[in-house]
Amino acid sequence: MKKHKKLIISLIVLCLAAAALLCVFFLKHRSGHSGSSDSDVIDDYGSDDTIAGKTLYAGVIEPEQSYNINLDSDRTVESIDVKTGDTVTAGQKLFTYQSKDYSLQVQQDQLEIQGYADTIKSCQAQITDLTKQKAAASADMKLQYDSQIQDLTSQMKQAKLDQQTKQAEIDSLNKKISSSTVTSPIDGIVSKVATGSASSDGSFITILSDTTFRIKATVDELNVGSLKEGMAAKITTRVNDKEYTGKITKIDTKSTADNGNTGTDSSDSENSNTPASKYYFYVSIDNPDGLIVGQHVFVEPESEDSSEETDANTEDTEGTAADENTDGTEVEQ
């Protein structure tokens, strides 16, 4: 009886152990496949993920061009007419410089120019009069007249020089007055308005173009070597899986990307304790209709193997058509 009870207990223990092993295996199996699911790719923005043998890179739509408007160091801003986030059109007023002081200075300079003109006119009149007197004077007096005429000529030349200098100053002031209102050079979105003065990069207002887009994506150090400038790429949106085509235009390996992800890449399974550095690369879009700034997308570079396979399929298709024509099959035009 005791032996029978021991046998039953042993069987129960074995069953429980077998059930525990099955649970562990099942959980590991599920966790092993969860890393390659579509939801993980979306949540882990910025990592390089492989789905069905395809490597995808997360990216975001950004303007291809940006314009920085700098401040004149010797001018003071009177009013700002835009703020960050505003949509502007080419020619729209952005801000205005103070110009009242320049207008007053122009008036003062014009008075001085008139004074120089009067001096020149007076010198010319005196020179004309002295020249007549010199003609009727004795030889000894002629030297005195020559000295007076020479002094007046020097005064007249100096007055003309001062007049030209002052006119150049007026032209510069008028140019500043006419450019007191600064307008947007393009249609776009105001991405930055510096507070008080220019920002660290010297710009006061930055405008991003809203007509030409590109993709700014990240790649880790393990995969950056597989990308090449000029490589074709397929772009897929996250919202509705709409597809676009494009081309890699730049790979920036001179500085690492700061995407806020201090953990490891999903592709860095061999050394999970060491974070993989990331780099930015940029993709042009053949037809960006329907895309908006800030939209997240996936970039799938077209490998050289897939390009060769596509070319081979094209050649096979053309070869088959040529064979059919050789057999005498009529082809409708």
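**Notebook: aromatic rings**

I began with a cluster: ring pairs link F95, Y97 and F204. I noted that this is a predicted model, where local features need pLDDT of at least 70, side-chain atom pairs count only at pLDDT 80 or more, and totals for chains, interfaces and linings use all residues. Residues are numbered from 1 along each chain as its sequence is written, and side-chain values use heavy atoms, with hydrogens and water left out.

I then looked up how many aromatic pairs there are, and the structure holds 3. Rings of Phe, Tyr and Trp (its six-membered ring) pair if their centres lie within 6.5 Å; planes under 30 degrees apart count as stacked, over 60 as edge-to-face and the rest as tilted.

I took Y57 and F281 next: their ring centres are 5.6 Å apart and their planes stand at 85°, so this pair is edge-to-face. Y57 belongs to strand β2 (residues 54-63) and F281 to strand β13 (residues 278-285), so the pair ties together parts 224 residues apart in sequence. Strands here are DSSP runs (E, at least two residues), numbered from the N terminus.

Buried or exposed, I wondered about Y57? Y57 is buried at 3% relative accessibility, and F281 is buried at 0%. Buried means under 20% relative accessible area, exposed over 50%, partly exposed in between (1.4 Å probe, protein chains only).

F95 is in strand β6 (residues 93-97) and F204 in strand β9 (residues 203-209), 109 residues apart. I saw that F95 is buried at 0% and F204 is buried at 1%.

Key:
Helices (H or I, at least four residues) and strands (E, at least two) are DSSP runs, numbered from the N terminus.
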